[in-house]
Amino acid sequence: MKRLSILFLVSLMFIPSVWSQSTDSYDLGIGVRVQKTEQLYWENGFGADFTSDFLLNRKIHLKLSYISSRMGSAFNTNAIKQDNYLIGADWRFRSEKSLQIFAGFNTGFFHADMEIPRFNVLPHNSMLFSLETGLAYKFKFPMAMNLSVGYNLINGNGVSTPGTLFPVFYEMSIFYYLNLPKKSEPKNIPSSNTPE
Amino acid sequence: MKKNITFLFLLLIVLASCSKTPDIDNATMLDGDQIYDPSIANPKKYLISDSIVNPSDIQKNTPVIIAAHGYSATTFEWDELRAYADSAKTFNVSQVLLGGHGLTYADFKKATWEDWQSSIIAEYRKLDSLGFKKIFLAGSSTGAPLIINMVKSGFFATQSTQPKGIFLVDPIIVSSDKALTMVGLLGPILGFTTVELSNGEKGHWYVYRPQQTLKQLMALINITRIDLQNGIRLPTGTYMKVYKSKTDATADPISALMIYKGMQTSVNGNIDVEMIDSKLHVFTRLAGRADVTAADSATQKRVFKEMELKMKN
């Protein structure tokens, strides 16, 4: 599990360098994600939001996040420690406006830490697949806030999927954007050696 | 605009067409006005506080276990423990009927979870005031969070006798059916839900579950989950054991871990938990089930025996 977390973190760090090869301008937001599951835990963490001109003129946003009850309800309590590793994509309506409406999906991996060996007989790993919709507001400064509601299509029955994977969740994300401009094409500067 | 009005109109028709009053068959259903839980007519048979009003010293020192059934059930759920006790003659069983249960659909609909709990509290108080020294509690399914809440609320600290032990069978802290978490939204639309009962179960469980009671159930298990999250300490000298079926379509088995993590003995020790190889919800109740195996019977007997031995010590 630790290996998965490290891999996830490393992949987050490499995103800017990979996309910086692109000649399109892009927005890369990094920030925090706060999630409350209906009738269950607060699960908080961090995430990234990426869009670019090549993603249908920024109508598509790609997302990556890690949230855990370890940074929420399970912090210093007896709540179950559980981790969510998510990737996803949104379609933005009114993408040119400050206030945008979005709808999309997330997928990924869920793990609940049973902590005590005798409870390992219970299901504690699952694939995640959820639908999510909400509002995004882009401030005049390079920050944005998303408020959304989501539904886990895979939710736990305690027999084949983890019992603490509940269906409905509410989410708030705040991103700081590294709004890098389009890379300029190399200028054709005449040199003295250039033959006339 | 015209499309919106049409959609709203259709939505109204759909909502109006949803019947909010169940079709109750009075002759066969507990929900009706002809079948009641037998403990209402004959409390002496079910409640030790009614049957032993002047206990001798021997009776006061004989263990008595208050058995609380689950949501929408009746005293029937613990009949087999009473039969075992009648045979063993080493302990007595006081089968409480949860408030709002065993009566009619209307009575069930208006009861809160505090009403459900009130009959457990009342029986404990009576036994305590009668001088019983070895009081135990058993809670199946929803009976479990009701008892945990009694511990959390400090109720036992106000009594002269602390419970000697608590047994929880298939406790529900998380529902297996996660649709329950959306009862606030879906409840008013549905009005009630329906359960299928076997022939042997008919007349012992409510068939119709009003959304108001589902909301009460959700509120109770959510409060208990949060209380467990923050930690609950048992009264001095009180033992606790949880028995939980590994496969349970009603009470999510994760409930056992939540109780294990959340409950502590008075000396900061862990409680006992046993994960049972069973697919039954409340595996200690086999009467009325259509598909009981030899392994189910053996497990029931073993657990009853274990409870008996624990009460003897």
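Student: At what angle do helix 8 of chain B and helix 9 of chain B pack, and how far apart are their axes?

Tutor: Helix 8 (residues 113-130) and helix 9 (residues 143-152) of chain B pack at about 65 degrees, and their axes are 10 Å apart. Helices are DSSP runs of H or I of at least four residues and strands are runs of E of at least two, numbered from the N terminus. The axes are lines fitted to C-alpha atoms, for helices over the stretch in contact, and angles run from 0 to 180 degrees between N-to-C directions. The angle of about 65 degrees makes helix 8 of chain B roughly perpendicular to helix 9 of chain B (65 to 115 degrees; under 35 is roughly parallel, over 145 roughly antiparallel, the rest oblique).

Student: Which residues make the contact?

Tutor: Helix 8 of chain B contributes B:W116, B:Q117, B:I120 and B:I121, and helix 9 of chain B contributes B:L146, B:I147, B:N149 and B:M150 (contact means C-beta atoms, placed from the backbone, within 7 Å). By class, the contact has six nonpolar, two polar and no charged residues (Ala, Val, Leu, Ile, Met, Phe, Trp, Tyr, Cys and Pro are nonpolar, Asp, Glu, Lys and Arg charged, and the others, Gly among them, polar).

Student: Why is helix 9 of chain B called largely enclosed?

Tutor: Eight of the 10 residues of helix 9 of chain B are buried, so the rest of the structure largely encloses this helix (buried: 20 or more other C-beta atoms within 10 Å; exposed: 12 or fewer; partly exposed: in between; C-beta atoms are placed from the backbone). The buried residues are B:G143, B:A144, B:P145, B:L146, B:I147, B:I148, B:M150 and B:V151. Among the elements of chain B that they pack against are strand 1 (64-68), strand 3 (135-140) and helix 11.

Student: How do you know that B:S72 counts as buried?

Tutor: B:S72 has 24 C-beta neighbours inside 10 Å and therefore counts as buried. This residue is in the loop between strand 1 and helix 6 (79-88) of chain B. B:S72 also has a positive phi of about 70 degrees although it is not a glycine. Most residues other than glycine have a negative phi.

Student: What makes B:D170 buried?

Tutor: B:D170 counts as buried because it has 29 C-beta neighbours inside 10 Å. B:D170 lies in the loop between strand 4 and helix 10 (183-190) of chain B, and its phi is positive, about 45 degrees, although it is not a glycine.

Student: Why are helix 10 of chain B and helix 11 of chain B called roughly antiparallel?

Tutor: Helix 10 and helix 11 of chain B pack at an angle of about 165 degrees, with their axes 9 Å apart. These helices of chain B are therefore roughly antiparallel to each other. Their crossing is right-handed. The contact is made by residues including B:V183 and B:L190 of helix 10 of chain B and B:L214 and B:M218 of helix 11 of chain B.

Student: How many residues of chain B are in contact with chain A?

Tutor: 22 residues of chain B are in contact with 23 residues of chain A. Helix 11 (211-230) and helix 12 (254-262) of chain B are the elements that give two or more residues to the side of chain B that touches chain A. That side has nine nonpolar, eight polar and five charged residues.

Student: What is the pLDDT of each chain?

Tutor: Chain B has a mean pLDDT of 93, and 94% of its residues reach 70 or more (pLDDT is the predictor's confidence in each residue, from 0 to 100). Chain A averages 85, and 79% of the residues score at least 70. Over residues 183-196 of chain A the pLDDT is below 50, and this stretch has one contact in the model beyond near neighbours in sequence. Where pLDDT is low, the predicted coordinates should not be read in detail. The model scores ipTM 0.87 and pTM 0.89.

Technical notes
Residues are numbered from 1 along each chain as its sequence is written. Chains are lettered from A and ligands numbered from 1 in the order in which they are written. This is a predicted model: local features need pLDDT of at least 70, side-chain atom pairs count only at pLDDT 80 or more; totals for chains, interfaces and linings use all residues. Two residues are in contact if their C-beta atoms, placed from the backbone, lie within 7 Å. A crossing is left-handed if the near helix is turned anticlockwise from the far one by less than a right angle, and right-handed if clockwise.
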